[in-house]
Amino acid sequence: MFCLLPRYHGMVSREEADQLLSVAEGSYLIRESQRQPGTYTLALRFGNQTKNFRLYHDGKHFVGEKRFESIHDLVTDGLITLYIETKAAEYIAKMTINPIYEHIGYTTLNKEPTLKKHLPVCQEVPDGPAPQGERVDEEKGLTSLVRRATLKDNDHATKYEKVHNFKVHTFRGPHWCEYCANFMWGLIAQGVKCADCGLNVHKQCSKMVPNDCKPDLKHVKKVYSCDLTTLVKAHNSKRPMVVDMCIQEIESRGVQSEGLYRISGFSDLIEDVKLAFDRDGEKADISVNVYEDINIITGALKLYFRDLPIPLITYDAYPRFMEAAKITDPDKRLEAHHEALKLLPPAHCETLCYLMAHLKRVTQNDKDNLMNAENLGIVFGPTLMRAPDLDAMTALNDIRYQRQVVETLIKNEDILF
């Protein structure tokens, strides 16, 4: 049985603290360091030993990741953790070996819905003999037309794989891990919870969970600033509905509008469209009856892409696209763009494909709207791409290559996607 005896003993040594606490298991005291005045140590008696932890305070008390309102709660949680990890260390080490995850619970209740149509794939095809087109491409003397025709090989079904978005979570009342089915111990922050699908697991079990998150609309409550893959999986759609709805509205009544995408709409009204999508989703009304100016809709679409936490052309793919844009040979540059596209997650690739097809149709009306591929590249380059952790000068130099990437994707949309 533990005895919690909160005491502050000022500047005492480890030896003195050990002697004071030896009277009762679970007793503790706080002492000021003799070597570093102004710093404090929590001395705690457990297992007939005195354990010393550096104590911190930033409005709450903590010795590790967890933060507590009181020292009493910190010690209580610590004693629970020490007891479990000491008495059940061997069992804890084996908890993840035979999980229930694949047999009951989350995976059984959340079967992946089948999309009605096959989606484009940006990943490479499985290992095996190269397709005939690729073998032909290796032969000498191919014409540029044939070389380009071999690039379009996206005829396989896709799978939108998504990692879980785990956050440290405090569970009210007893809770069990949905991976290993074992008890989650502690007063607070007993484990982690996926913010997108609600899966609850131990922190150590979270490292074993497959990338099979199936977001639930009750957890995904916004459209803008939401991870793109999370949004499409939550709505079981090929692309974000905001992209489909805005593009359909633009093409129905504004594709010939002069300065399309270049001219800005009123920022307050663009914000209204954003709020409408966040509030109403696919039921949002963006028709001409509500927003007569088509530039409001184009502004809302651009804002959606700018607000993505991971850009449409992802940080991982960004360097490859930059390298591709710097290649001078047209055929090699096109092939490099094709390889870079393979690095995009399927949801990003599908959305980019749909957007580029739309922008290609915009350029086909450039006599009226005055927006050719180069002009659209200037607008959408920094909208779809963001330099990952680059200094200001490098990021500035990248702008012209961002424009060239989008321009290449628009002009060769029918080949690359």
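This passage describes the largest pocket, helix 8 and several individual residues of a predicted model. Local features were considered only at pLDDT of at least 70 and side-chain atom pairs only at pLDDT 80 or more, whereas totals for chains, interfaces and linings use all residues. Residues are numbered from 1 along each chain as its sequence is written, and side-chain values rest on heavy atoms, with hydrogens and water left out.

The largest pocket has a volume of about 710 Å³. A pocket is here an open set of points, on a 1 Å grid over the protein atoms alone, where a 1.4 Å probe fits and protein lies on both sides within 12 Å along at least five of seven lines; lining residues have an atom within 4 Å of a point. The volume is the space filled by probe spheres set on the points, which are joined across faces, edges and corners. Of the 27 lining residues, K66, D77, T81, E85 and A189 are the closest to the centre of the pocket. The lining comprises 15 nonpolar, 7 polar and 5 charged residues, where Ala, Val, Leu, Ile, Met, Phe, Trp, Tyr, Cys and Pro count as nonpolar, Asp, Glu, Lys and Arg as charged, and the others, Gly among them, as polar. Because domain 1 (2–93) and domain 2 (166–214) both give residues to the lining, the largest pocket lies between them; the domain bounds come from an automatic or database domain assignment. At least two lining residues are supplied by each of strand 2 (40–46), helix 2 (71–87), strand 6 and helix 7 (203–206), and helix 2 gives the most, with 7 residues. Helices (H or I, at least four residues) and strands (E, at least two) are DSSP runs numbered from the N terminus.

N182 is placed in the loop between strand 5 (166–169) and strand 6 (191–194). With a relative accessible area of 13%, N182 is buried, a term that denotes under 20% relative accessible area, with exposed meaning over 50% and partly exposed the range in between (1.4 Å probe, protein chains only). Beyond residues up to four places away in sequence, N182 touches Y91, M95, H175, W176, C177 and H202, contact meaning heavy atoms within 4.5 Å. The C-alpha atoms of N182 and H202 are separated by 8.7 Å, although the two residues are 20 residues apart along the chain. A polar atom of the N182 side chain lies 3.2 Å from the backbone oxygen of C180.

Helix 8 (residues 228–235) is mostly covered, 7 of its 8 residues being buried, namely L228, T229, T230, L231, V232, K233 and A234. The elements that cover these buried residues include helix 11 (294–307) and helix 14. At the N-terminal end, helix 8 is capped by D227, of which a side-chain oxygen lies 3.4 Å from the backbone nitrogen of T229, and helix 8 is followed by N236, whose phi is positive, near 50°. Within helix 14 (residues 346–363), K360 is buried at a relative accessible area of 19% and touches I410, K411, E413 and D414, not counting residues up to four places away in sequence.

Positive phi values also occur in loops. Y261, in the loop between helix 9 (241–253) and helix 10 (267–280), has a phi near 75° and counts as buried at 0% relative accessibility. L370, in the loop between helix 15 (366–369) and helix 16 (373–384), has a positive phi of about 60° although it is not a glycine, and counts as partly exposed at 43% relative accessibility.

Conventions:
Polar contact = N/O pair within 3.5 Å; in protein donor to acceptor, adjacent residues only side chain to side chain.
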